[in-house]
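Q: I would like to learn how to read a sheet and the packing around it in a model of this kind. Could we go through the features in turn?

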Amino acid sequence: MAHEIVDGSSMQRALTRITYEIIEQNKGVENLIFVGIKTRGVYLAERLAKRLNQLENVEILVGALDITLYRDDRHIPDHHKEPTVKTSSLGIDINDKHVILVDDVLFTGRTVRAALDALMDMGRPQQISLAVLVDRGHRELPIRPDFVGKNIPTAMNETVHVAVEEYDGHEDITIEHHE
């Protein structure tokens, strides 16, 4: 059974805080692009771009990144079957831009590593920063977020779920304990 640890309004405040931190650390918003990691990272990236527009009156492009092909833990090589190729185009040019990669939960770091590989195949950004709504710890790779909404220490037998209105029909962050 999952129990709520962050409600929807606290999520909104965390995203607003991330937006302010992005503006402060970049001394403005020139040259920024948000790239959300599918699925919920895309919705979070769109919200950050909308909030940035409200604060700075500037349109920030948002791309959606599907990292399925780049995962090292989600597919089994089968040399008799062609891999399913998902779209690898962001629809935006990332060359010489400051890309802010957005995801819902940072855990082992493997999703972010896969996203970095995918981005490098699409161009050469000037800089890449990482924004996550939840950092739950337990890193397996040397990856550290630049912008964090909430640090939520967890046990290995727990799962953190982020729900966003656009996809899940409600908003919250829950933890589920597994035996």
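Q: In which sense do strand β2 and strand β4 pair, and over how many bridges?

A: In this predicted model, β2 (residues 32–37) and β4 (residues 98–106) pair in the parallel sense, over five bridges.

Q: What is the order of the five strands in the open sheet?

A: Reading across the open sheet, the order is β3-β2-β4-β5-β6, and the pairing is parallel. Because β3 (61–65) and β6 (147–151) stand at the edges with a single partner strand each, one side of each has no neighbour in the sheet. From one strand to the next, the twist averages 25°.

Q: How many residues does the largest nonpolar core have, and which element gives the most to it?

A: The largest nonpolar core has 29 residues, and those with the most contacts inside it include Phe34, Val102 and Ile173. Helix α1 gives the most, with six residues, while β7 (158–163) and β8 (172–177) are among the elements that each supply at least two. Leaving aside residues up to four places away in sequence, Ile173 touches, among others, Met11, Leu133 and Val162. A second, separate core of 21 residues includes Leu65, Tyr70, Leu101 and Ala115.

Conventions:
Residues are numbered from 1 along each chain as its sequence is written. This is a predicted model: local features need pLDDT of at least 70, side-chain atom pairs count only at pLDDT 80 or more; totals for chains, interfaces and linings use all residues. Side-chain values use heavy atoms; hydrogens and water are left out. Two strands pair if DSSP finds at least two bridges between them. Helices (H or I, at least four residues) and strands (E, at least two) are DSSP runs, numbered from the N terminus. Axes are lines fitted to C-alpha atoms, for helices over the stretch in contact, and angles run from 0 to 180 degrees between N-to-C directions. A nonpolar core is a set of buried Ala, Val, Leu, Ile, Met, Phe, Trp, Tyr and Cys residues joined through side-chain atoms within 4.5 Å. Buried means under 20% relative accessible area, exposed over 50%, partly exposed in between (1.4 Å probe, protein chains only). Contact means heavy atoms within 4.5 Å.
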